[in-house]
Amino acid sequence: MLLRGNKRKVGRNDPCPCGSGLKYKKCCLGKDLSSRENLKELYYKNYKIRLKEKKDIEGIRKTGRLALRTLDLVEMKIHAGMSTEEINTLVHKFTVENGAVPAPLNYRGFPKSVCVSVNDVICHGIPGQRTLEDGDIVNVDVTPILDGYYADVSKTFFVGTPGRDAQKIVKVAKESLKRGISMARPGNRIGDIGWAIQSYAESQGCSVVQEFIGHGVGFDFHEPPQVPHFGRKGEGIPLVPGMVFTIEPMINLGKRHLRILDDNWTAVTADGSLSAQFEQTVLITEEGFESLTPYDL
């Protein structure tokens with residue numbers, strides 16, 4: 001399974017094709033990599049990645065459906081004159097009414113149930129008294145916990161009529177996610193995802209934020225592996241069935257640099273340019289991928 005697409009015979013002293021960094025003789029030599037249990041053991045030992053079983057995947061998928069319904073509700077209600085605190089109240093109430101818990105609330109001290117990031121806010125915007133205005137772009141990032149399983153998803157919405165710059169950055173961010181997800185299949189590596197995103201975004205004159213990245217999810221809010229949205233093709237951990245992680249590129253209209261506000265959470269573009277993000281929770285399958293939080297891109 002790990003060797004799919006690689007026909008070259010691996011020598012005892014060659015780097016192990018599983019990507020562990022060890023020599024083949026010290027790692028996978030003699031192991032049946034087609035065995036699901038051996039693969040689970042190998043990935044936890046080498047990367048602390050917990051591959052998901054069918055019941056886990058169904059639990060994450062169910063949570064993902066709730067997350068998408070939450071975003072649909074936000075999209076239906078969002079309007080100029082609405083405060084970001086009202087979005088928080090909407091998300092919190094809907095999550096709890098459906099038997100779930102909002103994962104962001106009190107996570108490492110985060111004070112709200114959802115991240116709401118407006119215009120030049122890259123991520124981790126704290127809901128409050130800010131009022132949305134016509135022409136704003138707003139990323140809403142939701143993560144419910146349902147029956148012990150997490151799913152993470154976000155979209156960037158237009159408020160009223162968007163300007164040319166707003167239309168461009170949202171279009172590029174959405175296409176960046178689409179291109180990243182297209183690389184999520186067995187035989188590829190994590191670096192292929194970042195390479196696809198970075199090469200596209202930069203070709204459009206935009207930049208990719210590097211300080212915040214995708215991550216494993218499902219049993220916890222943040223798990224291994226880390227999934228950068230930049231990188232080199234052919235590098236990083238090999239993708240295998242059962243991996244579940246987010247792809248969530250944050251794309252800036254200007255330069256990639258950022259600063260953190262005094263609340264120690266809100267990240268904004270250093271040059272004041274617009275930033276947009278789209279995110280889905282992705283499962284690696286035997287044939288390719290399945291989004292567990294699917295929406296059209």
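## A quick tour of a predicted chain

Strand β13 runs antiparallel to strand β14 (residues 267–269), and three bridges join the two. Strands here are DSSP runs of E with at least two residues, helices are runs of H or I with at least four, and both are numbered from the N terminus. Two strands pair if DSSP finds at least two bridges between them.

This is a predicted model, where local features need pLDDT of at least 70, side-chain atom pairs count only at pLDDT 80 or more, and totals for chains, interfaces and linings use all residues. Residues are numbered from 1 along each chain as its sequence is written, and side-chain values use heavy atoms, with hydrogens and water left out.

**The whole chain**
- The protein chain has five helices and 17 strands.
- Of its 297 residues, 53% are buried (buried means under 20% relative accessible area, exposed over 50%, partly exposed in between, with a 1.4 Å probe and protein chains only).
- Take the contacts between residues at least 6 apart in sequence: 67% of them join residues at least 24 apart (contact means heavy atoms within 4.5 Å).

**A three-stranded sheet**
- The open sheet has the strand order β3-β14-β13, with antiparallel pairing.
- β3 (121–123) and β13 (258–260) sit at the edges with a single partner strand each, so one side of each has no neighbour in the sheet.
- From one strand to the next, the twist averages 40° (axes are lines fitted to C-alpha atoms, for helices over the stretch in contact, and angles run from 0 to 180 degrees between N-to-C directions).
- Ile-260 stands opposite Ala-267 in β14.

**Nonpolar cores**
- A nonpolar core is a set of buried Ala, Val, Leu, Ile, Met, Phe, Trp, Tyr and Cys residues joined through side-chain atoms within 4.5 Å.
- The largest one has 59 residues, and Tyr-43, Ile-87, Val-140, Ile-169, Met-243 and Ile-251 touch the most other members.
- Helix α4 (residues 164–182) gives this core its largest share, seven residues.
- There's also a second, separate core of 12 residues, including Tyr-149, Val-244, Leu-283 and Leu-292.
- Leaving aside neighbours within four places in sequence, Met-243 is in contact with several residues, among them Tyr-43, Pro-225, Pro-238 and Ile-284.

- Gln-226 belongs to strand β10 (residues 223–227).
- With a relative accessible area of 59%, Gln-226 is exposed.
- Beyond its neighbours within four places in sequence, Gln-226 is in contact with Ile-190, Ile-213 and Gly-214.
- Gln-226 and Ile-237 are 11 residues apart along the chain, and 9.6 Å separates their C-alpha atoms.
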